[in-house]
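Colleague: I would like to go through how to read a model of this kind, feature by feature. Please give the general idea and then the case at hand.

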Amino acid sequence: MTVSLVEETLNPYQIAQQQIDAAAAHLQLPEHVTQILKQPKRVLSVSFPVRMDDGSIRVFEGYRSQHNDAIGPTKGGIRFHPDVTLDEVKALSMWMSFKCGVVGLPYGGGKGGVICDPRLLSKNELERVSRAFMEAIADFVGPDKDIPAPDVYTTPQIMGWMMDTYSRLKGVNSPGVITGKPLILGGSKGRNEATAQGCVYTILAALGDMHIPVQNATAAIQGFGNAGRIAARLLSEAGCKIVAVSDSRGGIYDPDGIDIEKISMLKDTSSIREYGEAYVISNEALLELDVDILVPAALENVITAANADRIKAKIVAEAANGPTTPEADRVLASKGITVIPDVLANAGGVTVSYFEWVQNLMNYYWSEAEVLEKLETNMIQSYVAVRDLAKEHHTDLRTAAYMISIKRIAAAMEARGWI
């Protein structure tokens, strides 16, 4: 089956709006409710000067989008990437609303981004960019208003710098303004692994539903950043055979299974392609491998109308945000492929970010075992709720996840008297 590319948009904001329309149709929501949900409540665009190491001044641009705060403060990451756009940030804030809703967190969605390539910045320049961006958005965020977190190319250290800048501006220590911080600054145990761990919990549940034995189930991981690398390790530890992984420069494929520890060591020093020339594979070819589990763990729009009919995986678990377009979704559904949508599959990160925020507000901290136990319970309960609703309405998991979230947000807006 093929789908014309003419009919497909790759604009993430328009994709998010299409996904809302699909779920709203099942819920028969009033048109004005759907229109409220299809655009962010607030969007901030900033520019800020930063002194570079050579003494020159460079002006950076950034954004922060707050989608809906009917249920509670907005929550979502900040990414540093050269391809950040306003529409991308708006879409990501919308996806965050539905992600928080599907796992029952008292948040709306937020997202931020700075147009830069952190790989080309020195550590001192990266710190100055991080602090300057937080200074630019400081009046827009806060522990009871909007709580940022790490995202693409941002780290716990960057979150620590931002928290420190906000605290200095407000004149009070405010660990709850941001999550994903270093442990010594109020970070939560288990946060670094949370996105991948939550994704793996849903994959194992889906394998059980499909009666696919975990032992030696094959998996391909597209994207070997934090989420992809940890997901590969956790799946391997669970008994799966990791046959392919990739990073931004390409990947490797070994049908007999890849040594994940060796790959991780290569990634720390160079490129995973140095695993061996005979094993080299492109990112595009990796997506089309005949495996049980495919984990897109990179950026948006990697499974589209152009390649969806060549996807052979039984389960696609979206560790990345927005990797599958609506047209591709329809193709995958027609092929009987189970897609665990991003708003569920990678919700482990925001769930443990919520745990971190709660611990910051209480100034009482949990053990890693407690965090993982709470995370597993929440992820499995959320997966079961989405799966059961999808069966009831004869729809895919993404639409069911959106239905759960949209009903929750609409109920909050009604209780507040907004609609």
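Colleague: Is Lys38 buried or exposed?

Modeller: Buried means under 20% relative accessible area, exposed over 50%, and partly exposed in between, with a 1.4 Å probe and protein chains only. Lys38 has a relative accessible area of 14%, so Lys38 is buried. Before going on, note that this is a predicted model, where local features need pLDDT of at least 70, side-chain atom pairs count only at pLDDT 80 or more, and totals for chains, interfaces and linings use all residues. Residues are numbered from 1 along each chain as its sequence is written, and side-chain values use heavy atoms, with hydrogens and water left out.

Colleague: Where is the place of Lys38, and which residues does Lys38 touch?

Modeller: Helices (H or I, at least four residues) and strands (E, at least two) are DSSP runs, numbered from the N terminus. Lys38 sits in the loop between helix H2 (31-37) and strand S1 (42-51). Contact means heavy atoms within 4.5 Å. Not counting residues up to four places away in sequence, Lys38 touches Tyr13, Gln17, Ile20, Asp21 and Met94.

Colleague: In which loop is His67 found, and which residues does His67 touch?

Modeller: His67 is in the loop between strand S2 (57-66) and strand S3 (74-81). His67 has 1% relative accessibility and therefore counts as buried. Not counting residues up to four places away in sequence, the residues touched by His67 include Leu37, Gln39, Pro40, Met94, Phe98 and Gly109. For Gln39, the separation from His67 is 28 residues in sequence and 6.8 Å in space, C-alpha to C-alpha.

Colleague: What is phi of His211, and what is phi of Asn363?

Modeller: Most residues other than glycine have a negative phi. Phi of His211 is near 55°, a positive value in a residue other than glycine. For Asn363, phi is also positive, near 55°. His211 lies in the loop between helix H6 (191-209) and strand S6 (218-222), and Asn363 in the loop between helix H12 (348-362) and helix H13 (368-393). With a relative accessible area of 71%, His211 is exposed. Asn363 counts as exposed at 62% relative accessibility.

Colleague: Which residues touch the most other members of the largest nonpolar core?

Modeller: A nonpolar core is a set of buried Ala, Val, Leu, Ile, Met, Phe, Trp, Tyr and Cys residues joined through side-chain atoms within 4.5 Å. The largest nonpolar core has 83 residues, of which Ile203, Leu235, Val245, Val295 and Ile340 touch the most other members. Helix H14 (residues 397-416) gives the most to this core, with 10 residues. Leaving aside neighbours within four places in sequence, the contacts of Leu235 are Val200, Ile203, Ala219, Ile221, Cys240, Ile242 and Val295. Apart from this core lies another, of 27 residues, among them Phe48, Phe133, Ile158 and Tyr166.

Colleague: How many helices and strands does the protein chain have, and what is its radius of gyration?

Modeller: The protein chain has 14 helices and 12 strands. The radius of gyration is taken over C-alpha atoms, and the globule rule is 2.2 Å times the number of residues to the power 0.38. A compact globule with 419 residues would have a radius of gyration near 22 Å; the protein chain has 21 Å, which agrees. Taken along the principal axes, the C-alpha atoms fill a box of roughly 55 × 55 × 45 Å. Buried residues make up 60% of the 419 residues. Of the contacts between residues at least 6 apart in sequence, 69% join residues at least 24 apart.
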